[in-house]
Structure formats: structure tokens, C-alpha cells
Amino acid sequence: MTDPQIVLTERVQQALARAFGSEHADADPLIRPSQFADFQANVAMSLAKRLRRAPREVAEAIKAELSDFPGTVEVSGPGFLNITLDDSWIQSEARQMLTDPRLGVGTITPAQTVVIDYSAPNAAKEMHVGHLRTTIVGDSLARLHEHLGNTVIRQNHLGDWGTPFGMLIEHLLDIGEEAAVAQLEAGLGTEFYQAARTKFDGDDDFKLRARVRVTTLQSGDPDTMRLWHVFMDATIRYFNKVYELLGVTLTDADLAGESMYNTMLEKTCDDLEASGAAVLSEGALCLFPPGFTGSDDKPLPLIIRKSDGGYGYASTDMAAIRYRVHDLKADRILYVVGSEQALHFRMVFAAARMAGWLPDTVTAEHVQIGMMLGKDGRRFKTRSGESIKLMDLLQEAIDRAAAAISDRGYDAEMQKEIAHAVGIGAVKYADLSVSHDSEYVLDFDRMLGFTGNTAPYLQYAQARIRSIFRKGGVDPAAATGPIVLGAPAERALALQLLGFGSALAQTTADSEPHRLCAFIYATATAFTDFFEQCPVLKEGVDPDTRASRLALCALTLRVLETGLDLLGVPVPERM
Ligand code: ARG
């Protein structure tokens, strides 16, 4: 394990055990980057309280037990331990990282089964920008968990069932299957829905047909089911086009829409009623998880069967959570869904715990996705007030990227490839680089900028390193050092690179891709400093220094590439 934060944590914990007894061996040493040293450990202050001793005295006792440490330790202020690592240690750790195919990144043991519910657009409407973020954030989390050795089960909980399908199928029959399929494949789901809706509201005959159709659909009538499949297959073909353009890892095998749970709903309700977890209230079957009250201070119900016998969103989610725990054997379930559904998920999780369907050994987390805003600070819309189509938005990003690089003299094919990587990368990175629950302003100019914490800046940083290797006629894989740290910028870069493992572990544990973004950005800036101050290929640089610097370049390249790949951001060879 090369990561200094992890190494230091272990070392300080061993020192704690030696100094104060083994019961302190797993206290968190609180290692943080420091402006006065490489790191500081703040554990002495919290421990002093428990031991009723002076913090500085505690810090000195820890220091005394760190004598075989590959660096220097100083006690400062009220009891901080300032830790500076030896260059020789950093050098050899960086070299080890370079020779390790996993870049020193460990795997989680024991591996967990992580179910990730993400994307989940609604078939009755067009996939809109709100689904963009859940798709992108969820996909990055899936990649990260897989990279760390967990078993990932992707679940695309499509909205593909419910009462609107009565009118959608009738409208499909009205305009003819062929026309309907063409429209849906083209991503005109919203228009399709609106046309059906207009008829439903204004045409009593249509309304009646739609109502009857809901019943035949729910009873599983083969003809109706066939029509439903015609509708869904066309819709899914459109979703897949978006996924392909985005480069997300979702496939048809990950589809687990609401319809999948349809046959389980009756038993879901029966079982919950039989166990006493669910009770009838005003004719509806409800769960009353503890701790939820409405504005009137009355317990808040999670309705799993309406008084007319119908099932809704909550019924499906109760069936889904049981399936994920019981059948998929999840250890951890992540719901990457809009933050406006926070109450729904808190209630579903609490209800599932209450029913005994979500044991304490399994965690369920709502990874809240903040709303996408326009530049005016309001919900993102087109000028005419409709929500914008995802495909159009992605195409615009690609077009703008193409314009930004048009003067660089690439041939048409290369130009297209780079524009795609930069445009899609920019949209994805902009979504990922702010905390997932914050509202987020869609701003093409900012996300496509070549400076600052943006995809183009990072893509450019890695392309520039590749060009160093091309110019030097060296294969990055052959740049194996040894690494010898001379200039401060070299040392700072190497130390930064060693933090990759921690960055991945933290990002994954907390479901916060923006932490990985911050790490990659800090790596790219450390590289920029290094590159400005430390010539690599210039004449007069002695061979050992050149070899060492090329090794640092190679390590940086792999960290950037791997990091961007785990975010799902494409990396163009040249830029
Ligand atoms: N289709 C829903 C929406 O667009 C999201 C589904 C999220 N997953 C779930 N298990 N409820 O709002």
C-alpha cells in the first residue's frame, strides 16, 4: 500500500497502541495534509481528553514511539504532530506504484455486493436533463466500485408501468405502430405523451378506451402486452442511443423497470399486512415507519395499496428493496435519484427496516442528485419553457467543442473524435465535479473552458504528457525510473500521486465523485507546476534526471487516465 495517508494511519495507530495500550490501536489518528509539513496528525488533542493528560505530553509520547519512522515528526502548537516524509521513502513508494498494474490501489476486502439504482428515465416521457446527472453519477460509482473489487449490480429502474400506459397504447394504435415506433426511437417521447394526454382530456371516447386498456394491460392480456412491448422496445432503443453517446456502461441486462415488479406487488402487500407491518387506514394499505409525521403532527403513511386497489411508486419500491436484499444479496444499495425524492426514500428505507426486509447488515443510501438549473438560476428549460432534450444538449456540447478546436489543424476524423471526447467529457465532468446534491447551473462556456477544474483542462493535461513521450520517442511503459526527487515541484507531484488510493477509497465510501475530480485536478495542477519548473527533454538535462522525470510523467499519465476513466470521462490521445 503506497498511499501515505494510509501508511501514516497505520504507523500512528501502532504508536498509539505501544504508548497507551492496545485499546487505542484503532483510534482514528486524524491525518490531514498540512501547510507546515506533508501531513499533520491531530489525534493527540482528542485522546488527551480521554486520557486526562496534557495534549502536548500525549503528542510527545506518540512521537517517541514513531522512532523507526521514514520521516521526521515534530510536535507543534497545542499538540499537533507535524509529519514530513523522507524523500527516499516517497521515491521508492512512487516507483513501486509505477511498477504496480493497479497503481498501488488496494481492493475492498471482503468484497461487497453493491446494487446501484441509477438513470431510471420514464418511458412515458422523454429522458430529460434531470436523468443526465443520475446516469452520469451512478455510472461513475459503478465503475469505482468495480475497480475496487466489489460486485456491482446495476439496476435501471425505468418508469415503464402505470396508468399512463393505457392512453399511450391507445394513441399508439391510433397513429399506427410504425409511426409510433419511428417517433419514439427519435426521442419524441414527450410529444407522444402530450398528444395522448390532449386526447385523453378532450375526447371521452378515447378516455374510455384508455381506461379499459389499463385494465387489460394489468391483467396481462397478450395483445396488450405485445403493444406495450412495441412501445417499450422503441423507447429503450432511444435510451440506448443516449447511453451510447454518453459512453455509460448500462446495457439491456441492467433493465429492471417498474414493470418487473408488477407480479410481486400483491404478495408484497399481503406479506406486509400479514406480518403486521402494514395496516389499513381509510381503505388504503399503509406502512407507518416511526419518526415520520405530517404537518398536522399525524403519522405519515407510506401507501402501498390505494383504497381503489391500485399500486403506486411506493409499492414498487417496497418490492424492489426486498428483491435487492433477498434475491440480489446486496450488502449496500445506492439509489442515485433526484433529491426531491428524499422523503420517499427515507420512508421506504425506514419501512423496510421496520418490516425486517432490510437487515442492519445491509445499507441503503439515497445518493441525492441536485436539480439542474439554467443560467437564470431556475429549473433548466428551453426558451419556450419546455425541458430540453438530452440528445440536443449533448449535440450542442459536441458542436461547441468542435468549434473550440477548429483552428488546431486536425484532419476531419481526428477533429470529430476530439470534439466528441471533449464535448461529452465536459458535460459529464461538470456534473461530477460539484457535490452531487448541490444544485448545478448548466453553463457551456464554463464547462468547455480549457482552464480551471474542467474536463478539457484535464484531458489536455494528459494529452500533453503523451506528446512529451512522442517527442522524446519513449514509450510511457518503458519509463520506469528510478525516481530521484530533486526540485520541490517534483517532490510535491510525487507526494500528490501517492494519494490516489485514498482518493478512490474515500470517493467510493462516501459516494462522492467530486472528491475524485478534486484529486485529479490537484494532480494536473501539480503536474503543470512540475512541468514549468523541471525540464524533461531539454538538452543538458542529465540522463538520470531525464529518466526520473519521464517516470514521473508516466505515473502522472496513468493516474490521470485511470481517474478520468473511473469518472467515465473519455481521454483523447491528442488535443
Ligand atoms: N423513474 C424515477 C424518476 O424519474 C426514478 C426511479 C428511481 N428509482 C427508484 N427505485 N425509485 O423520478
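Trainee: Over residues 458–575, what percentage of the chain is helix?

Mentor: This is a predicted model. UniProt, in an unreviewed entry, places the feature "domain: DALR anticodon binding" at residues 458–575. Across that range the strand content is 0% and the end C-alpha atoms are 11 Å apart. The helix content there is 70%.

Trainee: How far apart are the end C-alpha atoms over residues 6–85?

Mentor: The unreviewed UniProt entry gives residues 6–85 as "domain: Arginyl tRNA synthetase N-terminal". Over this range the chain is 42% helix and 22% strand. The distance between its end C-alpha atoms is 13 Å.

Trainee: Turning to the ligand, which residue has a side-chain N or O atom 2.7 Å from a ligand nitrogen atom?

Mentor: Several polar distances must be told apart here. Aspartate 117 has a polar side-chain atom 2.8 Å from a nitrogen atom of the ligand, while for alanine 120 a polar backbone atom is 2.9 Å from a ligand nitrogen. The 2.7 Å distance belongs to the side chain of asparagine 122.

Trainee: What share of the ligand's accessible area does the protein cover?

Mentor: The reference is the ligand on its own, which has 350 Å² of accessible area. Of that area, the protein covers 89%.

Trainee: Which elements give two or more residues to the shell around the ligand?

Mentor: The residues surrounding the ligand include Tyr313, Asp317, Tyr335 and Val337. By class, the shell divides into 5 nonpolar, 4 polar and 2 charged residues. The elements that contribute two or more residues are α12 (313–326) and β10 (332–338).

Trainee: Which element gives the most residues to the lining of the second largest cavity?

Mentor: Among the lining residues are Ala426, Tyr429, Ala430, Arg446 and Met447. Two elements give two or more residues to this lining, namely α15 (412–432) and α16 (444–447). With 3 residues, the element that gives the most is α15.

Trainee: How many charged residues does the lining of the second largest cavity have?

Mentor: The lining also includes Ser433, Asn453 and Thr454. Its classes comprise 5 nonpolar and 3 polar residues. The number of charged residues is 1.

Definitions and conventions. Residues are numbered from 1 along each chain as its sequence is written. This is a predicted model: local features need pLDDT of at least 70, side-chain atom pairs count only at pLDDT 80 or more; totals for chains, interfaces and linings use all residues. Side-chain values use heavy atoms; hydrogens and water are left out. UniProt positions are given in the numbering used here, feature names are shortened, and annotations may be inferred rather than shown by experiment. Helices (H or I, at least four residues) and strands (E, at least two) are DSSP runs, numbered from the N terminus. A residue is near a molecule or strand if one of its heavy atoms lies within 4 Å of it. A polar contact is a pair of N or O atoms within 3.5 Å; within protein, one must be able to donate a hydrogen and the other to accept it, and residues adjacent in sequence count only if both atoms are side-chain atoms. Accessible areas come from the Shrake-Rupley method with a 1.4 Å probe; for residues, only the protein chains shown count as cover. Ala, Val, Leu, Ile, Met, Phe, Trp, Tyr, Cys and Pro count as nonpolar, Asp, Glu, Lys and Arg as charged, and the others, Gly among them, as polar. On a 1 Å grid over the protein atoms alone, a cavity is a set of points where a 1.4 Å probe fits but cannot get out, and a pocket is an open set with protein on both sides within 12 Å along at least five of seven lines; lining residues have an atom within 4 Å of a point.
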